[in-house]
Amino acid sequence: MARYITITLDKRGVSCRARLLDAEAPRTCRAVWDALPQSGSAYHAKYARNEVYALVPPFAEPKPGRENPTITPIPGDVVYFGFEAWEIGNPAYGYDQDSEAHSDQGATDLAIFYGRNNLLINGDAGWVPGNVFATIEEGLAEMAEAAQDLWLRGVEGETLSFARA
């Protein structure tokens, strides 16, 4: 039986529904499902293009490792990234000093991709593969519109939340 999550930009009141890809990414799906709900400050990607994400404290033990990885996510992909503390704490990335990006434990990045032509590359580290663990089946157009508003008007005060549907 399929499992679903709801992903919400809380301040904007926009949600979408995504189906977990249990067959393709079983370890990642289990880790995320068991850790829900999760919520964090919303960010719009600087480098990957059409991505909105939240950084939350690491929750997967053990870490899922690579499964169903991509460096070219497509619209509707929901992606898990596990970062060590040294990987995203660079001041050039612009995270506030008290954000999860500067945690001694590293951070988990839960991301949605709402448009085409994404490329997961970091100028400091190279390719940044992520685990595609869900696909948005409802509400992608509305989420894309809200994500574009984040890009144009800013993310301050916005949170991105993930919950069981």
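Student: Where is P37 in this fold?
Tutor: This is a predicted model. P37 sits in the loop between α1 (26–35) and β3 (38–44).

Student: And the peptide bond from L36 to P37, cis or trans?
Tutor: The L36 to P37 bond is cis. Its omega is near 5°.

Student: Which residue does a cis peptide bond join to E61?
Tutor: P62. Omega for the E61 to P62 bond is about 5°.

Student: Where is P62 found?
Tutor: P62 lies in the loop between β4 (51–56) and β5 (69–70).

Student: Where is N68 found?
Tutor: In the loop between β4 and β5. P62 is found in the loop between those strands too.

Student: How accessible is N68?
Tutor: N68 has 28% relative accessibility, so it counts as partly exposed.

Student: Now N117. What is its phi near?
Tutor: Near 65°. N117 is a residue other than glycine, and this phi is positive.

Student: Which loop holds N117?
Tutor: The loop between β7 (107–113) and β8 (121–122).

Student: Is N117 buried or exposed?
Tutor: N117 is at 54% relative accessibility, so it counts as exposed. The cut-off for exposed is over 50%.

Note on methods. Residues are numbered from 1 along each chain as its sequence is written. This is a predicted model: local features need pLDDT of at least 70, side-chain atom pairs count only at pLDDT 80 or more; totals for chains, interfaces and linings use all residues. Side-chain values use heavy atoms; hydrogens and water are left out. Helices (H or I, at least four residues) and strands (E, at least two) are DSSP runs, numbered from the N terminus. Buried means under 20% relative accessible area, exposed over 50%, partly exposed in between (1.4 Å probe, protein chains only).
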